[in-house]
Amino acid sequence: MGIYPEYFKHADPEIVETCDKVVKFLQQLGGEVEYIEIAELEEVKVSHIIAIISEFVTGMKEDYTEHLAKLSPEVAMILSSASSISALTYVTANKQRTRSINYLRDHVFNKVDVILTPATAITAPRIGPDDLSYGLSDAKLGADISRYVSIGNFTGIPCLSIPVGYDKQGLPIGFQIMGRWWEDHLVLRIGNAVESYMENKLTRPKVHYDILQK
């Protein structure tokens, strides 16, 4: 099990403490931790944003050109920004994707079977009174929420997020497992072990819908 300490700890203290306990639990089950480094995470973050919003605007071209007035200001702003990205910039971002894939293959997954991180750097933020009507554009908030998502989403490795506790406000804390390409089964096996850590500790939200209920 690989942990990049600097990356793992780049989250709210409550989240780091809770996720540390899960790692210790997995060690008690026989898992071995090896400290690793994941290079160019800042480049990954920027390239991921470039690639995803470029694909976003391509997929929503008709909505953007014909129904702009119906889109929220936040979505319209993202689409407008993405429309100005050049083909060269998009290709450069995807070169970073290839670099990151090769790095994970040759320098991370040659040493460990999975990478462990918190799922998010913060718990769920409060929805402001105008957010539902006008959207919310907050770069720091977006970075905190997506910090641990970019590398997996950008490189296509299987990832699993599991609730492992709650902060002082009762908001859920997530733990993430990332594995090699095509080794979803291993990610799910470790995820199953993590779920046993939370056995009889999970609480239902005040408002919820059980999708498994017949």
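**Close-up views of a predicted model**

**Figure 1. The largest nonpolar core of the predicted model has 42 residues.** Leu26, Leu116, Phe175, Ile177 and Val194 have the most contacts inside this core. Helix α2 (residues 13-28) gives the most to the core, with 7 residues. Another core, of 5 residues, lies apart from it and includes Ile53, Met60, Leu79 and Ala82. A nonpolar core is a set of buried Ala, Val, Leu, Ile, Met, Phe, Trp, Tyr and Cys residues joined through side-chain atoms within 4.5 Å. Buried means under 20% relative accessible area, exposed over 50%, and partly exposed in between (1.4 Å probe, protein chains only). Helices (H or I, at least four residues) and strands (E, at least two) are DSSP runs, numbered from the N terminus. In soluble globular proteins, nonpolar side chains tend to be buried together.

This is a predicted model, in which local features need pLDDT of at least 70 and side-chain atom pairs count only at pLDDT 80 or more, while totals for chains, interfaces and linings use all residues. Residues are numbered from 1 along each chain as its sequence is written, and side-chain values use heavy atoms, with hydrogens and water left out.

**Figure 2. Surroundings of Leu26.** Leaving aside residues up to four places away in sequence, Leu26 touches Met1, Gly31, Leu116, Phe175, Ile190, Ala193 and Val194. Contact means heavy atoms within 4.5 Å.

**Figure 3. Thr123 in the loop between β3 (114-118) and α7 (131-134).** Thr123 counts as buried because its relative accessibility is 14%. The side chains of Thr123 and Asp167 make a polar contact (2.8 Å). Such a contact is a pair of N or O atoms within 3.5 Å; within protein, one must be able to donate a hydrogen and the other to accept it, and residues adjacent in sequence count only if both atoms are side-chain atoms. Not counting residues up to four places away in sequence, Thr123 touches Ile15, Asp167, Leu171, Pro172 and Ile173.

**Figure 4. Glu40, a residue with positive phi.** Glu40 is not a glycine, yet its phi is about 60°. Glu40 sits in the loop between β2 (34-35) and α3 (41-59). With a relative accessible area of 28%, Glu40 is partly exposed. Most residues other than glycine have a negative phi.

**Figure 5. Trp182 in the loop between β5 (172-179) and α10 (184-197).** Phi of Trp182 is also positive, near 70°. Trp182 is exposed, as its relative accessible area is 78%.
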